[in-house]
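These are my notebook entries on a structure that was new to me. I set down what I looked up, in the order in which I looked.

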Amino acid sequence: MIILECPYCHEQRVEDELRYGGEANIQRATDPTAVSDEVWTDYLFMRTNPKGWRDEQWCCEAGCGQWFKVRRHSVSHAIETVARFDVVL
Amino acid sequence: MDRSHPLDFSFNGVAMKGYAGDTLASALLANSVNIVARSFKYRRPRGFFGVGAEDPNSAVAVQDGYSYEPALRAGQVWLAQGMKARSVSGWPSVEFDLGAVTQLFSRVIGAGFYYKTFKWPGWEFFEPFIRKATGFGAPLKVANDRTVQQRHAVCDVLIIGAGPAGLAAATALRGSGLKVFVADDQKEPGGSCRWECARLDGIPAAAWSRQITAKIAADADCTLLAATTVTGAYENEMFILVQTIMDERGVRGERVWKLMARYVVLASGMVDRPLLFEGNDRPGVMLSSAVRRFIGEFGVSPARRLAVYTNNDSAYLTALQAKAAGVDVVAIVDTRSANSAIYLNEARAVGITCYCESQIESTRGYRRLEAIGLRQAATPNIVWIFCDGVAVSGGWTPATQLAAHRGIKPQYDAERSMFVCKDLPESWFAVGGANGALDLQVAMDQAHAAAHAIAEATFTTLNGQRCIASARGFGAIQPFWLPAQGNPHRMWVDLQNDVKVSDIALAVQENYVSVEHLKRYTTLGMGTDQGRTSNVNGLALLAALSGCAISEVGATSFRPPYTATSMRSIAGARSGDLYRPRRYLPAHGVHLAHGAVVLDFGWERPDWYRSNGADRETAVRAEMASVRHGVGVFDSSSLGKIEVTGPDAAAFLARFYVSNMATLKPGRVRYSVMLREDGVIFDDGVVTCLAENHYLASPTSGNAEAVTAWFERWRQTEWPHSRVAIANVTSNWASIAIAGPKARELLIRLEPGFEASGEAFAHMEFREGPVGGVPARVARISFTGELQYEISVPARYAGSLLQSLLAEAALAPLPIGMEAWLRLRLEKGYIHLGSDTNGRTTPLDVGMGSIVSKRKDDFIGKRSLQLSFAIEERREQLVGLIAKRGMLETGGRILARGHVRSPCPTEGYVTSACESPALERSIGLALLEHGHQRNGETVHVLCGKNLIECFVCDPTFYDPKNERLHA
């Protein structure tokens with residue numbers, strides 16, 4: 001069970017109350033027409049999926065509704081950082 | 001055991017007596033039941049082999065005063081008054097099983113038999129026999145009065161197992177202020193204290209455990225859960241516990257705990273494992289530790305004349321305990337030499353004959369063990385000893401399954417010849433048997449040390465003293481895996497699945513030498529006992545036969561649950577009406593008053609109205625006719641309503657829709673679709689510009705929450721500087737649509753001042769103003785192809801608005817259900833999201849290509865429409881189908897060109913279909929490869945068994961010039 005403290009409302013929530021949103025720091029091209037098919041499909045589909053630390057998006061869905069970032073270990077599920085969405089991890 | 005409290009129960013229809021505190025297994029043994037089940041493959045008679053979860057044999061179906069369970073292990077069932085138990089294997093009975101004839105073919109149905117059936121002569125040949133033979137127990141439809149609860153809890157320390165080590169850890173932690181949970185799967189805590197001959201802190205172990213248990217139970221910081229199995233260990237130290245709540249009639253309820261712990265003390269004990277010998281599966285052969293427990297705790301001896309067979313010292317304790325209890329112990333057979341056996345003289349002193357450096361080579365008896373034949377080293381002859389029970393001990397297996405759930409691989413410890421967990425996470429401590437402790441004082445010291453390590457890590461202090469144990473240790477072991485003598489076809493490794501030494505040898509011969517392959521090829525350890533007594537022997541044989549060390553072979557992994565958990569307790573209260581909340585329309589009562597037949601469409605919505613016809617088809621046709629020729633009233637309140645406001649609202653919405661919402665003027669409505677970033681249609685609906693910087697998006701009924709979350713996520717994560725606010729107001733407003741040529745008249749009757757003329761209020765326009773005296777938002781939009789107004793009022797007016805509309809008897813408005821509404825839109829060729837689109841459909845496929853190409857700026861998913869998948873030739877595109885004759889059916893497959901008979905390739909499928917009153921034909925929408933270039937073509941559609949010939953056409957079947965829409 002993953003328990004996170006929302007960096008916006010500071011409530012502790014269990015994973016049932018949160019929503020997982022995949023890898024964080026996925027950049028959308030400012031002008032999608034200017035990028036190649038490869039760059040665009042990488043943005044759409046390619047994720048790093050490391051065995052180890054990874055940055056993820058989570059949403060305080062049952063609480064304040066804010067999206068935030070989490071650095072989590074994909075094997076141990078240990079949580080290193082929980083940060084507001086605009087923070088660069 | 002409470003001998004003053006007798007209980008009546010029955011087994012296979014025979015009335016029997018037991019006592020409170022008995023398990024079903026001990027009560028059956030006391031009633032001299034030899035054969036409790038049949039083995040899976042050869043249907044051989046099976047008696048009790050273990051005493052609890054480890055027993056591979058005793059699968060029984062149990063009916064108690066509350067419920068019925070189809071497959072439990074007898075050792076895990078606590079006897080209750082009036083309990084009815086049955087064997088779940090054996091036909092016609094467990095005593096006499098015709099299926100035992102399969103033994104004659106045992107040579108040809110060895111390891112990998114299932115796999116080989118695919119080769120020759122084919123699976124179809126074997127399937128009927130195999131299907132008939134598989135499965136334990138049958139579900140019964142009986143009243144279930146068992147309650148199920150779910151609870152969540154958090155603690156500092158979870159102690160798994162309340163045997164001596166678990167209780168010692170709990171005692172040490174008491175008074176530290178740490179919140180401790182102790183869970184034990186037995187009805188009464190104490191574990192081996194209840195049956196082993198030991199003294200703790202100077203008093204008998206049983207008395208010690210009762211004292212400690214009472215203290216723990218009285219401590220406010222401790223929660224002691226008896227009859228509670230920890231079934232799974234998950235990440236971040238979350239555990240699932242299943243607590244059984246019993247009374248004299250049986251299991252009254254179950255409570256499932258989701259428990260978070262900071263520290264874990266694994267004190268789950270260990271089980272004996274058997275030794276292999278010819279005929280080692282006969283009823284009467286039992287684990288040595290099980291014999292000790294049956295005698296020590298339940299006062300029942302599994303045999304009258306008991307032999308003991310061992311490669312270690314613990315089985316001598318069994319012999320001594322049995323002897324002390326008055327059982328005739330006829331022999332101890334030890335594979336080791338006399339100078340290894342530390343209790344040899346003690347056993348001889350009480351008159352037990354001991355055979356050292358000896359092996360059991362054969363056995364006699366079919367329905368019950370009758371004799372063992374043993375051979376002493378250096379003697380040529382077999383000595384036959386008559387006995388009806390053998391207690392076997394081939395070493396121990398710590399119960400490390402829960403650690404394995406966390407991904408910890410147990411490692412082989414050659415000195416103790418057992419698998420132990422060596423690299424546990426920092427927050428885990430394995431103590432006692434679970435850590436392979438073979439001496440009670442060692443177990444108590446490990447528990448004490450674990451408690452101190454937890455105290456140190458949590459900056460708390462402990463007051464208790466270390467517990468002093470006085471007990472005979474389990475001594476040393478000398479591994480003995482594969483006997484030199486005896487027929488390997490007659491040596492059972494897995495008693496439940498009938499895996500024999502010969503099967504493992506065959507698997508090795510066929511090169512299935514990885515443990516995971518061996519397991520699946522032979523089904524070793526795949527039974528309901530999860531190989532608790534068979535895995536290690538199997539691995540050791542694999543190692544011996546493939547010539548490598550056991551440590552190299554490794555162990556298979558365990559996954560939750562630790563022992564069988566009922567689906568009912570997992571579901572908890574979430575069944576029937578409580579499965580999920582029902583969503584009702586605000587005017588639900590008015591619909592019911594008009595005879596609505598309500599179905600679950602995500603919302604409880606009228607499908608059709610009994611007031612419109614005696615049966616569904618008649619009513620639906622009447623409803624369709626009223627919309628086409630008069631006026632119909634449809635409740636569309638479930639449609640999503642999301643208000644988007646703010647200076648950037650127009651630009652914000654424009655990023656989501658294929659059509660440019662930035663150009664939408666106040667008072668105007670626009671229909672469009674919304675894409676996912678990969679170009680696939682996510683939702684469709686209209687957007688209304690209520691006023692400057694104030695928009696109302698109407699997603700489909702099922703998507704209101706998802707679209708709100710979608711807007712909100714993009715706002716927060718991609719465009720955080722957009723000045724917009726998003727609010728889901730779906731349930732604040734009720735929407736009633738009135739559709740048909742007389743819709744305008746109906747609107748004016750209700751609100752005479754409403755400027756509803758075609759010039760004042762055109763199609764795709766929006767007006768605000770009172771309707772029926774109530775503030776309303778009215779949109780002139782159409783899903784039916786007729787003149788249609790959608791009147792939205794605050795939800796509390798839904799019922800009165802609906803009633804007022806239906807009360808205009810002069811216009812004879814009919815209430816319209818979902819079925820008629822969807823058929824009307826099908827005639828008009830409007831898509832129904834999720835029916836006429838799938839997870840691949842793009843706007844280009846549904847005829848919106850020109851809108852996409854007109855858009856100059858970006859919107860979500862636009863770039864993906866240039867990818868090769870979106871523009872490839874063979875895409876399935878939306879078309880209309882008109883049947884030449886016959887009835888089209890949703891899901892009908894369209895045969896590939898040139899084919900008129902199935903089986904053949906197909907090129908698409910019917911997504912919606914109905915009988916069209918307007919066309920007097922069966923029509924449908926379909927996704928068809930190259931569809932947009934196939935107008936006028938004839939295709940063949942396979943609907944069930946019928947082949948329907950159809951024309952491909954434009955999807956707009958009804959009023960293609962939109963004259964009625966603009967009326």
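**Entry 1: a buried helix**

Which residues in H4(B) are buried? I note first that the model is predicted. I found Pro164(B), Ala165(B), Gly166(B), Leu167(B), Ala168(B), Ala169(B), Ala170(B), Thr171(B), Ala172(B) and Leu173(B) to be buried in H4(B). I then looked past the end of the helix. H4(B) is followed by Gly175(B), which has a positive phi near 85°.

**Entry 2: chain A**

I turned to chain A and looked up its elements. Chain A has 1 helix and 6 strands. Read from the N terminus, these elements run β-β-β-α-β-β-β. I recorded the extent of the chain along its principal axes: the C-alpha atoms of chain A fill a box of roughly 40 × 30 × 20 Å. Chain A has 89 residues, of which 15% count as buried.

**Entry 3: where the chains touch**

How many residues of chain B are in contact with chain A? I found 18 residues of chain B in contact with 16 residues of chain A. On the side of chain B that touches chain A, helix H19 (residues 704-717) of chain B gives the most, with 4 residues. By class, I recorded 5 nonpolar, 4 polar and 9 charged residues on this side of chain B.

Two packed helices are described by the angle between their axes and the distance between the axes. I looked up both values for two pairs.

For the pair H17 (residues 616-629) and H22 (residues 818-828) of chain B, the axes come within 9 Å and cross at roughly 55°. That makes H17(B) oblique to H22(B). Their crossing is right-handed. I listed the residues that meet: Val620(B), Glu623(B), Met624(B) and Val627(B) from H17(B), and Glu819(B), Ala820(B), Arg823(B) and Leu824(B) from H22(B). The contact of H17(B) with H22(B) has 5 nonpolar, no polar and 3 charged residues.

H11(B) passes H12(B) in a right-handed crossing. Asp503(B), Ile504(B) and Ala507(B) of H11(B) meet Leu518(B), Tyr521(B) and Thr522(B) of H12(B). In the contact of H11(B) with H12(B), I recorded 4 nonpolar, 1 polar and 1 charged residue.

**Entry 4: a sheet in chain B**

What is the order of the strands in the open sheet of 3 strands in chain B? The order is E11-E10-E29, and the pairing is antiparallel. Strand E11 (203-204) and strand E29 (469-471) of chain B are the edge strands, each pairing on one side only. I then examined one pairing. Strand E10 (residues 198-200) of chain B and E29(B) run antiparallel and are joined by 3 bridges. Leu200(B) has Ala469(B) as its bridge partner in E29(B).

**Entry 5: backbone details**

Most residues other than glycine have a negative phi, and most peptide bonds are trans. I looked up some exceptions.

Gln530(B) is not a glycine, yet its phi is positive, at about 55°. I located Gln530(B) in the loop between H12 and helix H13 (535-546) of chain B. Gln530(B) is buried, with 22 other C-beta atoms within 10 Å. Asn962(B) also has a positive phi, near 60°, and is found in the segment after strand E50 (946-953) of chain B. Asn962(B) counts as partly exposed, with 13 C-beta neighbours inside 10 Å.

I recorded a cis peptide bond between Pro560(B) and Pro561(B), with omega about 0°. Pro561(B) lies in the loop between helix H14 (550-553) and helix H15 (567-571) of chain B. A cis peptide bond also joins Ser902(B) and Pro903(B), with omega about 0°. I placed Pro903(B) in the loop between strand E46 (893-895) and strand E47 (906-916) of chain B.

Conventions. Residues numbered from 1 in each chain as written. Chains lettered and ligands numbered in written order. Predicted model: local features only at pLDDT ≥ 70, side-chain atom pairs only at ≥ 80, totals over all residues. Axes fitted to C-alpha atoms, helices over the stretch in contact; angles between N-to-C directions. Helix = DSSP H or I, 4+ residues; strand = E, 2+ residues; numbered from the N terminus. Parallel < 35°, antiparallel > 145°, perpendicular 65-115°, else oblique. Left-handed = near helix turned anticlockwise from the far one by under 90°. Contact = placed C-beta atoms within 7 Å. Nonpolar A, V, L, I, M, F, W, Y, C, P; charged D, E, K, R; others polar. Pairing = 2+ DSSP bridges. Buried ≥ 20, exposed ≤ 12 C-beta atoms within 10 Å, placed from the backbone.
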